[in-house]
Amino acid sequence: MGHTNYFAYTPKAENFLSIWLQLRLDAAAILDLAEQTQGIALAGGAGTGAPRIDEDAIVFNGLVAADEDYETFAIELEPEFEDERGFTYSFCKTGGVRPKPYDMAVTAVMLRAHTLAPDCFAIDSDGDWDEEWLHARAIHRMLFGTDPGMESPFTSPLHTIGPVAARY
């Protein structure tokens, strides 16, 4: 058991591909904010090196050397698995009972992806929308000037299929 954030998306969908560049730019801004103003130690997927944001993927973790790593967060254009409809399902466990600090960056990037492409990027979490997701929502308002709203997005139509649906 642990603190886990879930997402389902359609990496080949035209709507998702149309926001991919913007999502990468916004993810870079989120990670920079997390590191520079929040002091969160971020690293590449293995908890070492630099986070990866390029034309193929957004990949990061907490820093191993600071004991702030857990599981790698990755949104990829070419994921290992897609179902017959083009959906891929993933999750990122960011800690045991309590999430590690990099959870703030994970949830903020997930929220940005959902906000940019709500029809093809669904999110869910063990964390409560009105508690653990407050920082992600504040980052969204600060960086992008919009409020993702007070209503939880954890009820997306994408939740009716795949592993995310098992939570309902």
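The dialogue below walks through several features of a predicted model.

Visitor: Which residues touch the most other members of the largest nonpolar core, and how many residues does that core have?

Guide: The largest nonpolar core has 38 residues, and those that touch the most other members are Phe-16, Phe-60, Phe-73 and Ile-75. At least two residues of this core come from each of β1 (3-9), α1 (14-38), β4 (57-62), β5 (73-76), α2 (103-116), β7 (121-125) and α3 (134-144). The largest share, 9 residues, is supplied by α1.

Visitor: What does Phe-16 touch, leaving out residues up to four places away in sequence?

Guide: Leaving out residues up to four places away in sequence, Phe-16 touches Tyr-9, Thr-10, Pro-11, Leu-23, Ile-75, Leu-77, Cys-120 and Phe-121. Phe-16 also belongs to one aromatic cluster, together with Phe-7, Tyr-9, Trp-20, Phe-60, Phe-73 and Phe-121.

Visitor: Where does Thr-10 lie, and is Thr-10 buried or exposed?

Guide: Thr-10 has its place in the loop between β1 and α1. Because buried means under 20% relative accessible area, Thr-10 counts as buried with its value of 9%. With residues up to four places away in sequence not counted, the contacts of Thr-10 are Phe-16, Gly-86, Phe-87 and Cys-120.

Visitor: How should I read the cysteines, and how many disulfides does the count come to?

Guide: A disulfide is a covalent bond between the sulfur atoms of two cysteines. The test applied here asks for a pair of cysteine sulfur atoms within 2.5 Å, and by this rule the count comes to 0 disulfides.

Visitor: How many aromatic pairs does a search of the whole structure find, and what is the geometry of the pair formed by Trp-129 and Trp-133?

Guide: The search of the whole structure finds 13 aromatic pairs. One of them joins Trp-129 and Trp-133, whose rings are 5.9 Å apart centre to centre with 35 degrees between the planes, and this pair is tilted. Trp-129 is buried, with a relative accessible area of 4%, and Trp-133 counts as buried at 0% relative accessibility.

Visitor: Why is the pair of Trp-129 and Phe-154 edge-to-face, and which parts does this pair tie together?

Guide: For a pair to count as edge-to-face, the planes have to be over 60 degrees apart. The ring planes of Trp-129 and Phe-154 are at 80 degrees, with their centres 5.8 Å apart, so this pair is edge-to-face. Because Trp-129 lies in the loop between β7 and α3 while Phe-154 lies in the loop between α3 and α4 (162-165), the pair ties together parts that are 25 residues apart in sequence. Phe-154 counts as buried at 9% relative accessibility.

Visitor: Which residues of α3 are buried, and on which side of α3 are they?

Guide: The buried residues of α3 are Ala-136, Arg-137, Ile-139, His-140 and Phe-144. They are on the same side of α3, because the arc they cover around the axis is only 160 degrees. What covers these buried residues includes α1 and α2. Arg-112 lies over the face of Phe-144, at 3.9 Å from the ring centre.

Visitor: How many residues apart in sequence are Asp-67 and Lys-100, and what does Glu-55 touch?

Guide: Asp-67 and Lys-100 are 33 residues apart in sequence, and their C-alpha to C-alpha separation in space is 8.9 Å. Glu-55, whose place is in the loop between β3 (52-53) and β4, touches Trp-20, Arg-24 and Leu-77 when residues up to four places away in sequence are not counted. Glu-55 and Arg-24 are 31 residues apart in sequence and 8.0 Å apart in space, C-alpha to C-alpha.

Note on methods: Residues are numbered from 1 along each chain as its sequence is written. This is a predicted model: local features need pLDDT of at least 70, side-chain atom pairs count only at pLDDT 80 or more; totals for chains, interfaces and linings use all residues. Side-chain values use heavy atoms; hydrogens and water are left out. A nonpolar core is a set of buried Ala, Val, Leu, Ile, Met, Phe, Trp, Tyr and Cys residues joined through side-chain atoms within 4.5 Å. Buried means under 20% relative accessible area, exposed over 50%, partly exposed in between (1.4 Å probe, protein chains only). Helices (H or I, at least four residues) and strands (E, at least two) are DSSP runs, numbered from the N terminus. Contact means heavy atoms within 4.5 Å. Rings of Phe, Tyr and Trp (its six-membered ring) pair if their centres lie within 6.5 Å; planes under 30 degrees apart count as stacked, over 60 as edge-to-face and the rest as tilted. A charge sits over a ring if NZ of Lys or CZ of Arg is within 6 Å of the ring centre and within 35 degrees of the ring normal. The arc is that of the directions from the helix axis to the C-beta atoms.
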